[in-house]
Amino acid sequence: MEQILFQFFNLDIMIQAWPIMLRGFGMTLLLCIVVIPSGLLGGLVVALASTSEKRWIRWPVAVLVDIFRAIPPLALLIMISAGLPFAGIRLSPFTAVCLSFLLNNSAYYGEIYRAGIESIGTGQDEAARSTGLTGFQSMVYVILPQAVRNVLPDLVSNTIEVVKLTSLASVVAFAELLYSADMARSVTYNASPIVMAACFYLVLLWPAVRLASRLERKLST
Amino acid sequence: MSQRLPILTIDNLHLRYGDVDALRGITLEAGTGEMTFLIGPSGSGKSSLLRCCNRLETPTSGKIYVDGEDITQRYINLNRVRRGIGMVFQSFNLYPHMSAKGNVMLALRKVLGKSRAEAEAIALKQLERVGLSDRAGHYPNQLSGGQQQRVAIARSLALEPKIMLFDEPTSALDPELVGEVLKVMRQLKDDGMTMVVVSHEMRFAKAASDHVVFMAEGQIVEAGPPAQIFDEPVAERTRTFLQEAYH
Amino acid sequence: MTRFDRFIDTFFKPEVMQQYWPDIVSGLFVTCQIAILVIVSGISLGLALAILRSYGFKVINLPIVIFVDLLRALPPLVLILILYFGLPNLGINLSGFLVLWMVLTLVLAAFAEEIFWAGILSVPEGQWQAARSTGLGRFQTLIYVVIPQAVRMTVAPLTNRTIAITKNTALGMVIGVPELLNQATTAQSFAANATPLMMATIAYLILFIPVVYAGRRLEKAYAWRRH
């Protein structure tokens, strides 16, 4: 028991690691601020394209979405940060992370929006068009607001996944929360900093997880 | 009228949900082969009473005897008790992932432990009894409401219950489908089945039942043979209710 | 050298492909192995927890809910690092393979529990009553009546979640599990060429595109669930 406390919940080490961890946490938040809005926006573009009436838009997007849903996010990230330099494209770890997240998240958010758009009957669009709204206006003012409401639980739980995924940035040496924790671990030979990182993630995400399950339950009944 | 051997005896039954009194001292008897009709405004406790008889609800106090056995005892094998008491629901509650035959066979196999062949034979016999032998392989969503309800009746009958409880069996049906279900119920009565029915089909009650119980606010207001309740009701509440029910 | 030649030379170099394809194949094999193990154990554990939860014992439900929340909130990589680097200090040495399998199993179990539980809740109360009224017991009702209906509603979300978690086998790279991505990055650094990474990417596509496609079809087939 004492061993467990010493190895996983070592207060001295946690206090020592605190400043580094705090900076790492700041970087994680920074990543989130860039990656979540860009994914939400990219997803919207993907959804509009994949519900387009024109087949030559719909098909390529569907193929791309499936590709990015099939590749593990870590493989994509490594491809971009370690593979592209061979082709002469050198990106900073931050840019590499943002780019790979944009590709991956747009595919996922896009699928969610699409399901939402498809859940709205054509009657809504027809009604909007009959009052003279353009197809785009009908989408923005009539379809999307309802669609987003219908898939809100999925959007929230996907956003939780995105925040968790930012931990992958540690693998390409971007100094976010988990990277900082792992640095502290390798210096102290003690797992407490990683437990501490876990606590940070819990503080950030537990409320979101609660919210997500509440939303899921509310919509399913 | 049948010989009055009580097969169902309800003695001073009370049921509370939180601070709502759903049943307030119900005492009732039903004889073998009789059809007892429970009528009354919604919220009067008819359905709660029925559900107590199958222990889908546990009464707060009072006793229910089925064929001499007290089914309100605390330590009792509910699965054994329930198998002896058939129940038909307003919303049919057929299992959507099983065919008509499969619906009837499930309890035969899993509760009574019958072989597949034996269960199938019984299922076909019961489906024939409700006039659906040609629908045995159909799934619930391929059947009309009336047919679904008849399958549900067959599902209960297959376990050879001592009593059948009907909880508004025709309320969810389109008017033109009500007749086929009532016909099956009528036929069951002629076969000597003991039945307790909650329903708004007053004409059917008048023609087929032996005993009518009018309930309001969790109590029995008036009970007697149909001729008495429908033609010469004593209580003012019964009269008002019947007047409204017929219009 | 033309631009196209350079592109081929960087991502599809034949000599590199020839030299490293056995490594990539062995990595693919390990990835499949973990994936199958995780799917079987994760979904079984999740279903078992959902069944346990349906009995409604408060003392059991609270830990289940906390377990599910924890594993939904924590990045799998954090759990992997805690187990892989923390346990040896307590004298427990688990292989990377074992740690990866355990963590992904727990994560999938948590999500599966939640999905199955929602499925069980979505089966109308009348189905329970009808089954119980014919004398079926609680467990029998669950197994023969409720779960077959619940599973139909959970197939699509469960498939999507399973794909997402199975892709996390790539995290094995961080703790030296010789899976696909690990083999590819190792080969890449020896060959000083991006071809092995491209091979791994293609292997992932071959492995997951059919499943993603199946998930899409299932989602369409059960789309009525949302209404």
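## A walk through chains A, B and C

Chain C has nine helices and zero strands. Read from the N terminus, its elements run α-α-α-α-α-α-α-α-α. The model shown here is predicted.

Begin with the overall form of chain C. Its C-alpha atoms fill a box of roughly 80 × 50 × 25 Å along the principal axes. The radius of gyration is 22 Å, whereas a compact globule of 227 residues would have one near 17 Å. Of the 227 residues in chain C, 53% are buried. The accessible surface comes to about 9,800 Å². Carbon and sulfur atoms account for 69% of that surface.

Sequence distance tells another part of the story. Take the contacts in chain C between residues at least 6 apart in sequence. Of these, 76% join residues at least 24 apart. Charge is the next item. Chain C carries 16 positive and 10 negative side chains. The centres of these two sets lie 12 Å apart.

Now zoom in on one residue. C:Ile34 is found in helix α2 of chain C, which spans residues 14–54. Is C:Ile34 buried or exposed? C:Ile34 counts as buried because its relative accessibility is 0%, and the cut-off for buried is under 20%. Which residues does C:Ile34 touch, leaving out those up to four places away in sequence? They are C:Phe97, C:Leu100, C:Thr169 and C:Val177. C:Leu98 and C:Ile34 are 64 residues apart along the chain, yet their C-alpha atoms are separated by 9.2 Å.

Next, see how the chains meet. Two pairs of chains touch, and the pair with the most contacts is A and C. Chains A and B do not touch. Their nearest C-alpha atoms are 18 Å apart.

Chain B brings in strands. Strands of a sheet pair through backbone hydrogen bonds, either parallel or antiparallel. In chain B, four strands form an open sheet in the order β2-β1-β4-β5, with antiparallel pairing. The edge strands are β2 (20–31) and β5 (69–70) of chain B, each pairing on one side only.

Follow the sheet across. Strand β1 of chain B, residues 6–17, joins β2(B) over nine antiparallel bridges. Here B:Pro6 stands opposite B:Gly31. On to the next pair. β1(B) and β4(B) share five bridges, again antiparallel. B:Asp11 faces B:Lys63 of β4(B). B:Val66 stands opposite B:Glu69 in β5(B).

One more strand of chain B deserves a stop: β9(B). Why is strand β9 of chain B, residues 211–216, described as largely enclosed? Six of its six residues are buried, so the rest of the structure largely encloses it. B:His211, B:Val213 and B:Met215 point one way from β9(B). B:Val212, B:Phe214 and B:Ala216 point the other way.

β9(B) has two partners to trace here. Strand β3 of chain B, residues 35–39, runs parallel to β9(B), joined by four bridges. B:Phe37 stands opposite B:Val212 in β9(B). Strand β10 of chain B, residues 219–224, runs antiparallel to β9(B), with five bridges between them. B:Val213 has B:Ala223 in β10(B) as its bridge partner. β9(B) and β10(B) form a hairpin with two residues between the strands. There, B:Glu217 takes a positive phi near 50°.

Definitions and conventions
Residues are numbered from 1 along each chain as its sequence is written. Chains are lettered from A and ligands numbered from 1 in the order in which they are written. This is a predicted model: local features need pLDDT of at least 70, side-chain atom pairs count only at pLDDT 80 or more; totals for chains, interfaces and linings use all residues. Side-chain values use heavy atoms; hydrogens and water are left out. The radius of gyration is taken over C-alpha atoms; the globule rule is 2.2 Å times the number of residues to the power 0.38. Buried means under 20% relative accessible area, exposed over 50%, partly exposed in between (1.4 Å probe, protein chains only). Contact means heavy atoms within 4.5 Å. Accessible areas come from the Shrake-Rupley method with a 1.4 Å probe; for residues, only the protein chains shown count as cover. Lys and Arg count as positive and Asp and Glu as negative; His and the chain ends are not counted. The place of a charge is taken as NZ of Lys, CZ of Arg, CG of Asp or CD of Glu. Two strands pair if DSSP finds at least two bridges between them.
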